[in-house]
Amino acid sequence: MNKKRLAAFGIAITGVMLVASVAFTVAWYNGSSNLAVYNFDISLGDKKLTISTDNVNFKENLTRDDVKDAIPEKYRPVSSAFSNEWISQKATLPQFTSGYNYIPEKVNMTSIDDVNNADDGVFRKVLYLKSDSYAKVSLDAEKTYINADNDSNESISGKLKKVYPNLTKEQIVEQLNKIENSLRFSILVLNDDGKEVDDSEYQYTIVDPHKNGTTKLGGILDADGDGYYDNVNGKEVIYGEVKNANDGTISYKNAEANDVGESENCFDSKHKAGVQALDFESSESKGMEIVEEHSLSLEELSQFTFTLQADVSKKIVLSQYIEGWDRDSDNYTMFSRFVTSICFKLADGGNGGN
């Protein structure tokens, strides 16, 4: 496979590793992404709802121009891994993780201290919703989506032949359109106007509009793009949010005399000859557990609701990002175009609570 496909979650290294105790730089797209959102619409399915970006001027819908200040210059893969850390502290902005710090001879990279916080590359916007009467609010699955912009991707496919000479224009468009699979949006519900954040209202929900199975927020990786899963002192390195990952639970297979597997991307790479491969089945039987992403599909959106008091605005934070641990997070999508539409509506006639 073309090496340009190597990478996800800020894993493709853009430079050589630095010496001990110095963080090395990792960045998906090799820092040159042209990923773009062409439309970003936030609408309301019911006229009794209004929305605002400043808690002063309320509208019936928001367009890309209303939120363009929050759209990043470059989207970069991040992750919701370790989100319980900031949720337990009632943080008022979602926090995402990105690349890993270089720690010499460390085979277990499963602590929050091993990963960096993402300071850019994601969309985060504070919004305010209001209703003229007590209401229960949800998302409208029929009007909510994050989709690849097929027409725009087709229009640029010819220009990318020089970048991907081994692919046809049709194959390039197919790869560009895969961007929709790794995109997520999330909503952090905070507080009513004039009130402090409290347990009764505070909630965080991730939506995966193209959910297909479960995304695990950890595993083994070819982080340096050399065609082999990373290894230290003859053992493969495990990354991500992994519970009970310690010397008593992590098991390894006997080293093979020859390489095993094929190198396709950072998730699917070769086990190097002479290196002990991580034995997931044995490790999990001893209590090791890779944390799974907790996300809702469009079909599950009815599970997400929050309440509005009459004429009292509710503060929320809308985020949009690329989930780097999604196996469709791929360097081929670095030039992709996509469109976003998120629609709030009254749930169950607007009555009831969480």
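The crossing of helices α3 and α4 is right-handed; a crossing has this hand if the near helix is turned clockwise from the far one by less than a right angle, and is left-handed if anticlockwise. The model is predicted, with local features needing pLDDT of at least 70 and side-chain atom pairs counting only at pLDDT 80 or more, while totals for chains, interfaces and linings use all residues. Residues are numbered from 1 along each chain as its sequence is written, and side-chain values use heavy atoms, leaving out hydrogens and water.

Helices here are DSSP runs of H or I with at least four residues, strands are runs of E with at least two, and both are numbered from the N terminus. Two packed helices are described by the angle between their axes and the distance between the axes. The axes of α3 and α4 (residues 169–177) come within 9 Å and cross at roughly 135 degrees. That angle makes α3 oblique to α4. Angles under 35 degrees count as roughly parallel, over 145 as roughly antiparallel, 65 to 115 as roughly perpendicular, and the rest as oblique. The axes are lines fitted to C-alpha atoms over the stretch in contact, and angles run from 0 to 180 degrees between N-to-C directions.

Which residues meet between α3 and α4? From α3 come N150, N153, E154, I156 and S157, and from α4 come K169, I172, V173, L176 and N177, where contact means heavy atoms within 4.5 Å. By class, this contact of α3 with α4 has four nonpolar, four polar and two charged residues.

Within α3 (residues 150–157), S152, N153, I156 and S157 are buried, that is, under 20% relative accessible area, with exposed meaning over 50% and partly exposed in between (1.4 Å probe, protein chains only). In α4, the buried residues are I172, V173, Q175, L176 and N177. Their cover includes α3, β11 (145–148) and α5 (179–182).

Two loop residues remain. Most residues other than glycine have a negative phi. N233, in the loop between β15 (231–232) and β16 (235–236), has a positive phi near 50 degrees. N233 is exposed, at a relative accessible area of 60%. N244 has a positive phi near 55 degrees and sits in the loop between β18 (242–243) and α6 (280–285). N244 is partly exposed, at 47% relative accessible area.

Terms used
Ala, Val, Leu, Ile, Met, Phe, Trp, Tyr, Cys and Pro count as nonpolar, Asp, Glu, Lys and Arg as charged, and the others, Gly among them, as polar.
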